[in-house]
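User: Could you walk me through this one? I'd like to ask about it piece by piece.
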Amino acid sequence: MLRLTAKHLIWLKILFHLIGLVPLLLLVWSVQTGRAGGDPVQYIIHFTGMGALNALVATLLVSPIAKALKWGVLLQTRRLVGLYVFAYASLHIVAFLSLDLLFAWELFFSEVVKRPYIVLGAMAYLIISALAITSFKALMRKLGRRWQTLHSGIYLVGLLAPIHFYWSVKSEVIEPTLYLVGLILLLLWRLPRQKKTTLVGQ
């Protein structure tokens, strides 16, 4: 069985950075070369939203995989992967507000009323933002036990995000259904095995 040690940590982080950044470079290339489909704005919004969702799945998988394979060093990548959830989610929201709504706030509030999935997405983003902000060691020490309670919010995000995705599509519900079912199963798998759950671990 492959063993991971502390000397592999830097390579793991480099790998995860590449996995997180290369898709964004491909997104820029696709938009600039006209390969973003007939509606580049919706392509960007969907792409960044899927990036956030995939990063969320990866974050939730870190602890179970580390425990199953006895790769303790893998746990030290949780904060890195979790911050990519925040990064992609931020790009997703900025793209929606700037490219789709053109910062028309009256239109935004009317969209919220008509499309409740926006509220779920906003709730998930607020939790993710709180987790990202409090992921640094100084704040972890300051919050003490409250830090762990706060970071248990990742479970709620794990439900809100796929529901947001499911409600946002008008057709082709197979993909969002798979994400919803998969994340529910993943959360159920984690719950009995892990008392401590973090989005952005040490």
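This is a predicted model: local features need pLDDT of at least 70, side-chain atom pairs count only at pLDDT 80 or more; totals for chains, interfaces and linings use all residues.

User: How far apart are the end C-alpha atoms of helix 5?

Analyst: They are 24 Å apart, and because the 17 residues of helix 5 (residues 117–133) should span 24 Å at 1.5 Å a residue, the two values agree.

User: What about helix 3, then: what should its residues span?

Analyst: Helix 3 covers residues 78–100, and its 23 residues should span 33 Å at 1.5 Å a residue, which agrees with end C-alpha atoms that are 32 Å apart.

User: Which residue takes a positive phi just after helix 3?

Analyst: That is L102, with a phi of about 55 degrees, a positive value in a residue other than glycine. L102 lies in the loop between helix 3 and helix 4 (105–114), and it counts as exposed because its relative accessibility is 64%, where exposed means over 50%.

User: OK, and K70, where is that found?

Analyst: K70 sits in the loop between helix 2 (40–69) and helix 3, and although K70 is not a glycine, it has a positive phi of about 60 degrees. With a relative accessibility of 74%, K70 counts as exposed.

User: Switching to the surface, which residues make the nonpolar patch?

Analyst: I10, W11, I14, L18, V22, L26 and W29 make a nonpolar surface patch of about 730 Å². One of these residues, V22, is found in helix 1 (residues 9–32).

User: Zooming out, how many helices and strands does the chain have?

Analyst: The secondary structure comes to nine helices and zero strands. As for burial, 41% of the 202 residues of the chain count as buried.

User: What radius of gyration does the chain have?

Analyst: The chain has 18 Å, which agrees with the value near 17 Å that a compact globule of 202 residues would have. Along the principal axes, its C-alpha atoms fill a box of roughly 50 × 35 × 35 Å.

Terms used
Residues are numbered from 1 along each chain as its sequence is written. Side-chain values use heavy atoms; hydrogens and water are left out. Helices (H or I, at least four residues) and strands (E, at least two) are DSSP runs, numbered from the N terminus. The expected span of a helix is 1.5 Å times one less than its number of residues. Patches are made of residues with over 30% relative accessible area and no salt bridge: like charges are joined within 9 Å, nonpolar side chains (Val, Leu, Ile, Met, Phe, Trp, Tyr) within 5 Å. Accessible areas come from the Shrake-Rupley method with a 1.4 Å probe; for residues, only the protein chains shown count as cover. A salt bridge is a side-chain nitrogen of Lys or Arg within 4 Å of a carboxyl oxygen of Asp or Glu. Buried means under 20% relative accessible area, exposed over 50%, partly exposed in between (1.4 Å probe, protein chains only). The radius of gyration is taken over C-alpha atoms; the globule rule is 2.2 Å times the number of residues to the power 0.38.
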